[in-house]
Amino acid sequence: MNSDSDLQIAGDILEVPHLLQPAREHPATVAEFVGLARTIAADRSQWAHLVQYDATSRWYHRLRTGPGYEVWLLSWVPGQGSGLHDHGRSSGVLTLLEGELTERTERGTRALGAGAQRVFAPGYVHEVVNDSLEPAVSLHIYYPGLTEMPMHAARCAASVAPDAAEDVVTA
């Protein structure tokens, strides 16, 4: 959140039920996509039975699609990572369902525990890695649906587009 703003929200607006609108069949705003991710995360019956672990590469499964968006389930065994990348023209919500992941950007390194959420805009460059000793499972929502994932040279400083807003949401 911009510290120069006259308006700041104390706490998590998504935790205040009377401020939430009834869930739509298909999300259209960032808050609704965050809410969709939280709803899926809370209902293990939608995803837990699908999770697989692959020692050779990250495992992924498209969980659902809707008008203009996709929901992906990923698993990460210790040591697996995404490489430094962005998501092309897609914005997204990353929600950690189980375990721990580390996110690296030009702004620094952030540890993500179960329940943590990251919201990002097009042009946001990051790397996600499982630096822990246990597997992790994450949920990713992309809007519009993910059509490209450009990789960036690992030795170059990650550049974040000036208007590529990012936020951390914790449960």
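Thr95 touches Ala37, Ala41, Ala116, Gln117, Val137, Ser138 and Leu139, not counting residues up to four places away in sequence; contact here means heavy atoms within 4.5 Å. This is a predicted model, in which local features need pLDDT of at least 70 and side-chain atom pairs count only at pLDDT 80 or more, while totals for chains, interfaces and linings use all residues. Residues are numbered from 1 along each chain as its sequence is written, and side-chain values use heavy atoms, with hydrogens and water left out.

Thr95 lies in strand 3. Helices (H or I, at least four residues) and strands (E, at least two) are DSSP runs, numbered from the N terminus. Thr95 is buried, with a relative accessible area of 2%. Buried means under 20% relative accessible area, exposed over 50%, and partly exposed in between (1.4 Å probe, protein chains only). The side chain of Thr95 also makes a polar contact of 2.8 Å with the side chain of Gln117. A polar contact is a pair of N or O atoms within 3.5 Å; within protein, one must be able to donate a hydrogen and the other to accept it, and residues adjacent in sequence count only if both atoms are side-chain atoms.

**Nonpolar cores**

A nonpolar core is a set of buried Ala, Val, Leu, Ile, Met, Phe, Trp, Tyr and Cys residues joined through side-chain atoms within 4.5 Å. The largest one has 19 residues, and Trp47, Val71, Val93 and Ile141 have the most contacts inside it. At least two residues of this core come from each of helix 1 (30–42), strand 1 (59–66), strand 2 (69–76), strand 3 (91–98) and strand 8 (136–143). Helix 1 gives the largest share, five residues. A second, separate core of 13 residues includes Trp72, Leu94, Leu112 and Tyr142. Leaving aside neighbours within four places in sequence, Trp47 is in contact with Ile40, Ala41, Leu63, Leu73, Leu97, Glu98 and Val137.

Strand 2 is mostly covered, with eight of its eight residues buried. Tyr69, Val71, Leu73 and Ser75 point one way from the strand, and Glu70, Trp72, Leu74 and Trp76 point the other way. Two strands pair if DSSP finds at least two bridges between them. Strand 1 and strand 2 run antiparallel and are joined by seven bridges, with Arg64 opposite Val71 in strand 2. These two strands form a hairpin with two residues between them, and Gly68 in the turn has a positive phi of about 85 degrees. Strand 2 and strand 8 also pair in the antiparallel sense, over seven bridges; here Leu74 stands opposite Ser138 in strand 8.

**Aromatic pairs**

A search of the whole structure finds five aromatic pairs. Rings of Phe, Tyr and Trp (its six-membered ring) pair if their centres lie within 6.5 Å; planes under 30 degrees apart count as stacked, over 60 as edge-to-face and the rest as tilted. Phe33 and Tyr69 form an edge-to-face pair, 5.4 Å centre to centre with 75 degrees between the planes. Phe33 lies in helix 1 and Tyr69 in strand 2, so the pair ties together parts that are 36 residues apart in sequence. Phe33 counts as buried at 4% relative accessibility, and Tyr69 counts as buried at 3%. Phe33 and Tyr143 form a stacked pair, 4.0 Å centre to centre with 0 degrees between the planes. This pair links Phe33 in helix 1 to Tyr143 in strand 8, 110 residues apart. Phe33, Tyr69 and Tyr143 form one aromatic cluster.

**Salt bridges**

The structure holds six salt bridges. A salt bridge is a side-chain nitrogen of Lys or Arg within 4 Å of a carboxyl oxygen of Asp or Glu.

| Salt bridge | Closest N to O |
|---|---|
| Arg62 and Glu70 | 3.0 Å |
| Arg104 and Asp131 | 2.8 Å |

Arg62 is partly exposed, with a relative accessible area of 43%, whereas Glu70 counts as buried at 12% relative accessibility. Glu103 lies in strand 4 (residues 100–105) and Arg118 in strand 6 (residues 117–120), so their pair ties together parts that are 15 residues apart in sequence. Arg104 in strand 4 and Asp131 in the loop between strand 7 (127–129) and strand 8 are 27 residues apart. Arg104 counts as partly exposed at 29% relative accessibility, and Asp131 counts as partly exposed at 45%. Salt bridges that share partners join Glu103, Arg110 and Arg118 into one network.
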